[in-house]
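Please open the structure in your viewer and keep the selection tool at hand.

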Amino acid sequence: MNQGTETSRELESLIGDQADFQKWFAQAGPGLVLCDARSRRPLFANLMFQRIVGYSEVELRGMAIEELCHPAERSVERERYCQLVAGELHNYETRKRYLRKDGSVVSVRFTGSTVRGAEGTPELLLAIVLDDSAAEADRKLLMEREEQLELALRSSGAMNWCWVISDGDHYEAGEGYRQLYGFSETEPLTVSAWVERLHPADRERIQESLQSLIQSDERDEWRQEYQIQHPQLGTRWLWGLGRLYRDGQGRPERIVGVNLDVTERKQAELLREESARLLRVFVENAPVALAMFDADFRYLAVSHRWRADFVPGEQSVVGLKQSELCHTCFSQDPLQWRAKLERALAGEVVTFDSDRWTCRDGKSIWVRGELRPWQEPTGEVGGVVVFAEDFSELKELTDRLKESQVDLERRVSAQNRELLLLHRAISNLGEGVAIVGGSFDGNGPRFEFVNEALCRMTGYRQDELLGAPGSIFFGEQTNQNVEEMIARLEQGLSCGAELMYYRKNGSSFLGEVFLTPLTNDSGNYRQYVAIVRDVTERKQAELALRDREDRLRAIFDNAFNSIVTIDNSGVIVSVNPATEKMFGYAPEELLGRNVALLSPLSQDTHDGFLKRYRDTGEARLVGSSREVFARRKDGTIFPVDISVSANGRHGFTGIMRDISELRELQQHVLEVAADEQRRIGQELHDGTQQQLTGLGLYASTLEKVLAQAQEVVGQEGNVWQLNEQDWQRIQQTLARLSLGLGEANRQVRALSHGIMPVQIDAEGLVSALAELINQLNQETGVRCEFSCPTTVPVANNSVATHLYRIAQEAVNNALRHGKASHLRVSLRSLSDGIELEIRDNGVGMEVRRNATAGMPTGSSRLERREADTSRLESILGRGALKDDFQSERRPRGMGLKMMNYRANLLGGQLELVSSLGNGTILRCRIPGGVIE
């Protein structure tokens, strides 16, 4: 009883007014405990400390303060308490683990100091305890969010700006904005200067849109795409997004927005539109009649010449079968034509030189041409291309010529006038006409007649050709079809071919020749009529057209984005291979189906869009790029960026780009920003604010002690006197204030170091990596090496920070998931850049993926994991690691994605080599131009 009374009196002498002390003690935010210096048993413990350890104040009084520590730390804590009592330490701060009453472990931040009595001997131990478990996890998460937000903003290329409307003409902008618009460093940023940068074609429109936004009571978002005139780069395309903020009275206060350079995308769009337009113009205005059909004989493309010659009056035939037209234009023998089509579909080039077709008006014409198969990317024949020419006039003339020749042989002496007329007609034909006679022995038959057209075509005079052999026009490139023609002529059969002819001056041209044998009175074939046409230009046009089609098909088939062509009814006409990858449909599942199959919208909605466009010409998607939702074969809905162009009157072409990953990244960035704000607030509340609260208490104690000073009259005036005990309390309080201010300063430095871990100097990266490896060797027990054989200066702090974060993430994976016992980090110079390599001897990538899922849940494993995590976090930085129990907040593989993303931002490459049981090697190569 006497001892308790004595202790109580000592406490009153040390802490002053007990009621004030208990009120302050109980309401303090951190956990507070006051222990007897000799027994180290708690005398007072506030509610916060009781919640942290799970014991009541009565229970705590029966145990020494070090008994709350984890068994592995009790001996160390007992030594420190003894040092405090002995005066070797005035106070100390540490992070430790407490065993709660229920057996669980809690991480705390502990600050201990002594309270000395009148004689200066330690009487009490005062401890401030903060629960650090949740705060540590939040700090790690928020650090990662901060890094991810910084990466996302830099990777997007967006330049931010802010215009405070009340400031008038001036506004502010972020880094890179001046370079985007071409403003110099000394040139002030004003709205007027920005307007002057706008392209004259867009200036009035953009000004009106901003003015409309400010005057509107409903809209608060500004979204425009426009051109600027860059002083050095010329015309550039920008995309602008802004948001209007209003004050409490609803008046416009400021506009905050971003700009993004979309010049390359805009130029690509204009180039695609121009290429498509040129292709349509070229095909439609081809000087020959040509049409492209699929395997069902459905029109895929057709020229103006074809429609004019064979389907007059039809507005559009693309997408229709020939049998669906109101008339037929093909052979009067359908079975014969079908046989030709089947031969072409089998891969054969089928030529027809004399086929009678019937037009819509009932007129019969004679056509010649060929059916040439075209192939799908798989190598299968997808249909045929038909080249046709109406040679009815020539056919009629040739027939009349044959009749005239027969009549001439029968009535040569009596019909001289008719022979002269026929001779005059042949002489004036546009095609070259010749009559040759004799056998094919030696140099072959000789010319007996040539018309003026053939002379003009070959450059020879008539007297030079008459009597000359027909081979006078032949040369090295004349093909072997001559032998086949001779065999047919000797059998009395007509024939035709394309031969290379040589003029008198040595130049050549491609000639289309038709030969017909003439019989004499005895029935022998000794004369032949030849009709020659120069088809060089036509052949070149055909070859150029085929080459153009092949190149466009290659572009279409190898495009990364999905390209879908539909007709005016919304039926899919063609798709490229990228469409199959994006939507999961095979081409045959899409062709002929309505495009609504690829959209979550109903078919009636799509048909309504098409009908409105046909009826009014009002376009919502045509000619612009928009973000919509699409639907895959498995039913999943995903966002796409789509641009639609009208194919004249024949339908529409849509180009779609999957932007799912972009949207996921944007959502991730928003979450990172929100988490970062919470982290900073929590960090300041649990750390710096609590430290300042304790400093305030010390200041209050100092104020109370000074208030007890007595005024004494002296020879030189009144002075204030303090007793020895009060003077010692002032000295102790000032010492604690100094230590507390130092701790607050340390916390601020730690927070700033987490934001910018690499110093801005040429050797900052090498120093930071060396420090990282040195701390790993000291704290983790894992053998770690750092190698930098030559000087590797990285002047760009952004590049150095990204490389440091890549190394930090790789080290985290190797130690935490790879279970590595040896780790090596190398930084070296290359001829064209630098290379960062992290090599470990861990379990490999496959085991690493499943390591967390199979982790035991026993308390001993949990304690080891928390100890390892604490050591790694102290080395790798807050936020470098994430607790396994909260891993669902971070998408699987996000660490590797972020490393790859950082490398891509620097224009580099990330290489990962891993196999089961053989560890992992990660290399990051950065080009030399980036590090300057």
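A residue is called buried under 20% relative accessible area, exposed over 50%, and partly exposed in between, with a 1.4 Å probe and protein chains only as cover. This is a predicted model, in which local features need pLDDT of at least 70 and side-chain atom pairs count only at pLDDT 80 or more, while totals for chains, interfaces and linings use all residues. Residues are numbered from 1 along each chain as its sequence is written, and side-chain values use heavy atoms, with hydrogens and water left out.

**First stop: a sheet**

Helices (H or I, at least four residues) and strands (E, at least two) are DSSP runs, numbered from the N terminus. Two strands pair if DSSP finds at least two bridges between them. Strands of a sheet pair through backbone hydrogen bonds, either parallel or antiparallel.

Select residues 31–36, which are strand 1. This strand belongs to an open, antiparallel sheet of five strands in the order 2-1-5-4-3. At its edges, strand 2 (42–45) and strand 3 (91–99) each pair on one side only.

**Second stop: salt bridges**

Side chains of opposite charge can pair when their charged atoms come close. A salt bridge is a side-chain nitrogen of Lys or Arg within 4 Å of a carboxyl oxygen of Asp or Glu, and by this rule the count comes to 48.

Select E512 and R368, whose closest N and O atoms are 3.6 Å apart in a salt bridge. This pair links distant parts of the chain, with E512 in strand 19 and R368 in strand 14 (residues 364–375), 144 residues apart. Are these residues buried or exposed? E512 counts as buried because its relative accessibility is 11%, and R368 is buried as well, at 4%.

Next, select D202 and R205 in helix 9 (residues 200–215). Their side chains meet in a salt bridge of 3.4 Å, N to O. The two residues are separated by about one helical turn because they are three residues apart in the helix. D202 is buried at 8%, whereas R205 is partly exposed at 34%.

**Last stop: strand 19 again**

Return to strand 19, residues 508–519, and select L518. L518 is buried, with 10% relative accessibility.
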